[in-house]
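Subject: Structure for you to look at

Hello,

Here is the structure I promised to pass on. Please open it first, then read my notes below.

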Amino acid sequence: MVLETLIRRAGKHAGVMISDLADIYDKVAASQRISDDDALRLYRSRDLAALGAIASVVRERKNGQHASYILNRYLNYSNICILCCQFCEFGRKKRDAGAFELTLEQMVERVSNDLRLGITEVHIVGGLHPSLPFSYYTGMIRALKALDPNLHIKAFTAVELYHFASLTRKPLAEILALLREAGLDSITGGGAEIFSQRVRDILCKGKETADQYLDCHRTWHRMGMRSTCTMLYGHIETPEERVDHLCRLRELQEETRGFTSFVPLHFVPNKTRLAHLTPASGFDDLRNLAVARIYLDNFDHITGYWIALGMKLAQVSLSFGVDDLHGTIIEERIFEMAGGRGGQQQTREQLERAIREAGRIPVQRDSLFRPIKIIKTAAEPARKSNS
Ligand code: SF4
């Protein structure tokens, strides 16, 4: 905050304070777009304070002091999957121990319990199940919508959607239209991993290509719908491949304006087949978020995914370009099964406290980032009087 304030007051002279990133600061302060080379320099910089300060210029311009969260729950309908992504500990073959497949009744029960807690969104993903009929997915959406028509159904990654298209032999656009007709409100951003085909060939052969991922979101956006996007980082990707990933997202956003938020995902190797890899450090997490905030100038929001970062680092990320802490996230399983230590489920109060402590104003948002409630003042704990 001190550096941010100094930069704001110092104006042009602030460049001196941020040394070799001064020219990038000047561009950002003048609302100019940074180049891929600039992004690469930011990724190579060790001046974390300067990165945070530059990212804060963009964050503040777009969101002021507001930092948002949503009341949501996750729902994984099945972990049975025909692929074997190296970084995944969630997927199972049908006969493996721990394989599961929820019935519609089980899903309805879980979601109806949490509707009583005030959730406004359910976020649904699963493995690429070899034999569930398409009617299972449309039925799931209809059944959940029947519980509460205002409940926002955010579901399926691009690779699941291509899987439905392949199972039914229907074009992707038709699959998306049928799901929307059933009540699907948004598609999720998962499955982007890193767009580089070099990395995809090593880590997730058989998964959709970058172009397919982007085409899926493009098609959805052209239907007037919104989605989020992600990047799984901290495994074998290079800084150049991270920049390429951001570049492709920025280009699609320029075309459709359909992404609500970018959600970088810190890779948790612990229990996966890549357990020998050293995960991204806290330094790299914050730098990655800051670079994303600076580079993705056509995105309104950058989300700090506390499930992967841990709540403490997610809170700190609010000073590194992040303006959204995702949500309460009831029943996350994918990162948990990979050995993630981010924990399970935050309460509304915990999220608001984290935001307020970081000097921001908590905003409960809906799935399209529209404010539901701006929490302007803290509920002060009762204090004993000395008199
Ligand atoms: S990441 Fe998704 S597609 Fe890959 S193995 Fe896991 S569940 Fe299957």
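A term before the findings: Ala, Val, Leu, Ile, Met, Phe, Trp, Tyr, Cys and Pro count as nonpolar, Asp, Glu, Lys and Arg as charged, and the others, Gly among them, as polar. Keep in mind that this is a predicted model.

The ligand site. Which residues are around the ligand? They are Cys81, Leu83, Cys84, Cys85, Cys88, Phe90, Gly91, Gly127, Leu128, Val159 and Cys204. By class, this shell has nine nonpolar residues and two polar ones. No charged residue is part of the shell.

The overall fold. The protein chain has 17 helices and eleven strands. Its C-alpha trace spans about 65 × 65 × 40 Å along the principal axes. A compact globule of 387 residues would have a radius of gyration near 21 Å, and the protein chain agrees, with 21 Å. Of those 387 residues, 48% count as buried. Now the contacts with a separation of 6 or more: 76% of them join residues 24 or more positions apart.

A helix pair. Helix 8 covers residues 158-168, and helix 11 covers residues 210-222. Their axes come within 9 Å and cross at roughly 85 degrees. Angles of 65 to 115 degrees count as roughly perpendicular, so helix 8 is roughly perpendicular to helix 11. Helix 8 makes the contact through Ala158, Leu161 and Tyr162. Helix 11 brings Gln212, Tyr213, Cys216 and His217. Five residues of this contact are nonpolar, two are polar and none is charged.

Best wishes

Definitions and conventions:
Residues numbered from 1 in each chain as written. Predicted model: local features only at pLDDT ≥ 70, side-chain atom pairs only at ≥ 80, totals over all residues. Helix = DSSP H or I, 4+ residues; strand = E, 2+ residues; numbered from the N terminus. Rg over C-alpha atoms; globule rule 2.2 N^0.38 Å. Buried ≥ 20, exposed ≤ 12 C-beta atoms within 10 Å, placed from the backbone. Contact = placed C-beta atoms within 7 Å. Near = placed C-beta within 6 Å. Axes fitted to C-alpha atoms, helices over the stretch in contact; angles between N-to-C directions. Parallel < 35°, antiparallel > 145°, perpendicular 65-115°, else oblique.
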